[in-house]
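I opened a notebook on this protein and went through it topic by topic. The entries follow in the order in which I looked things up.

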Amino acid sequence: MGSEREIQRQRVRRLIKEVVFPHLCPATAPLDISAHFVRGEPIDSAEAYARDFEPFSLGQAWGGAWSTAWFRFAGTVPSDWSGEHVEARIGLGYNGMVGFGGEGLLWAGDNPVQGINPRHDSVTIASPATGGEPVELYLEAAANPYVPWGGIEWPLLLPDYEGAPLYRLVRAELAVKDCELETAWNDLRVLTELADALGP
């Protein structure tokens, strides 16, 4: 059995992970998904918008090594979310560290909006929402292969656009974000890291 301090730390970890975190987004709504796969070098946004997009599903695989996929996410903010902070949350099925696994770039017309990666996988849609807002997002997703940092042998990491997909789309949804609870969640995480750094 651990020390009293370790028992307290385990309780705080459980509070953060099992009580606070699951309630950060109390309501979600799925987005419709379609995709276009680029065979070869990336294309610019204007060309991507003109391509044919086909229906795509959560859990479906995408991305041979170094290939590009353009995803289109569409939906409507539910009318009963009026007054809420609404985000789109996208999970590309990441693997490895930021910049060396699946990642994406959201576009609005000719302008890049923000990156999507394991540490930043959401974008604000409305704050506050009025309800009923149409949503259409275009995401340029890069299937960067995982780099085995620390390993003795590395693969060649050559392009394999038609090869076995490296990732699966695991999330595409609109979500209500409880911003006050998120602030408390971040405070709890920082305080526990501080307690670990300071020691007994």
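**Entry 1: Overall make-up**

How many helices and strands does the secondary structure of the protein come to? I found 3 helices and 12 strands; helices (H or I, at least four residues) and strands (E, at least two) are DSSP runs, numbered from the N terminus. The model is predicted, local features need pLDDT of at least 70, side-chain atom pairs count only at pLDDT 80 or more, and totals for chains, interfaces and linings use all residues. Residues are numbered from 1 along each chain as its sequence is written, and side-chain values use heavy atoms, with hydrogens and water left out.

I noted a box of roughly 60 × 55 × 25 Å, taken along the principal axes, for the C-alpha atoms of the protein. Of the 200 residues, 38% are buried; buried means under 20% relative accessible area, exposed over 50%, and partly exposed in between (1.4 Å probe, protein chains only). I then looked at contacts, meaning heavy atoms within 4.5 Å. Among those between residues at least 6 apart in sequence, 80% join residues at least 24 apart.

**Entry 2: The largest pocket**

How much space lies in the largest pocket? The value is about 510 Å³. The search used a 1 Å grid over the protein atoms alone and a 1.4 Å probe; a pocket is an open set of points with protein on both sides within 12 Å along at least five of seven lines, and lining residues have an atom within 4 Å of a point. Grid points are joined across faces, edges and corners, and a volume is the space filled by probe spheres set on the points.

I counted 18 lining residues, and the closest to the pocket centre are Phe21, Arg89, Asp121, Lys177 and Trp185. Two or more lining residues each come from strand 6 (85–91), strand 9 (122–126), strand 12 (171–177) and helix 3 (179–198). Strand 9 gives the largest share, 3 residues. By type, the lining divides into 7 nonpolar, 4 polar and 7 charged residues. Here Ala, Val, Leu, Ile, Met, Phe, Trp, Tyr, Cys and Pro count as nonpolar, Asp, Glu, Lys and Arg as charged, and the others, Gly among them, as polar.

**Entry 3: Lysine 177**

Is lysine 177 buried or exposed? Lysine 177 counts as buried because its relative accessible area is 11%. Its side chain makes a polar contact with the side chain of glutamate 87 at 3.1 Å, and another with the side chain of glutamate 182, also at 3.1 Å. A polar contact is a pair of N or O atoms within 3.5 Å; within protein, one must be able to donate a hydrogen and the other to accept it, and residues adjacent in sequence count only if both atoms are side-chain atoms. Not counting residues up to four places away in sequence, lysine 177 touches Leu24, Cys25, His85, Glu87 and Glu182.

**Entry 4: Aromatic rings**

How many aromatic pairs does the count come to? It comes to 10. Rings of Phe, Tyr and Trp (its six-membered ring) pair if their centres lie within 6.5 Å; planes under 30 degrees apart count as stacked, over 60 as edge-to-face and the rest as tilted.

Tyrosine 49 and tryptophan 70 form an edge-to-face pair, 6.2 Å centre to centre with 80° between the planes. The pair links distant parts of the chain, 21 residues apart: tyrosine 49 is in helix 2 (residues 45–50) and tryptophan 70 in strand 5 (residues 68–76). Tyrosine 49 is partly exposed at 24% relative accessibility, whereas tryptophan 70 is buried at 0%.

The ring centres of tryptophan 62 and phenylalanine 71 are 5.8 Å apart and the planes stand at 90°, so this pair is edge-to-face. Both residues are buried. I also noted one aromatic cluster, formed by Phe37, Phe56, Trp62, Phe71, Phe73 and Tyr167.

**Entry 5: Backbone**

Most residues other than glycine have a negative phi, and most peptide bonds are trans. Which peptide bond is cis, with omega near 0°? The bond from serine 127 to proline 128 is, and proline 128 is found in the loop between strand 9 and strand 10 (134–143). Tryptophan 66 has a positive phi, near 70°. Tryptophan 66 is found in the loop between strand 4 (61–62) and strand 5, and is partly exposed with a relative accessible area of 36%.
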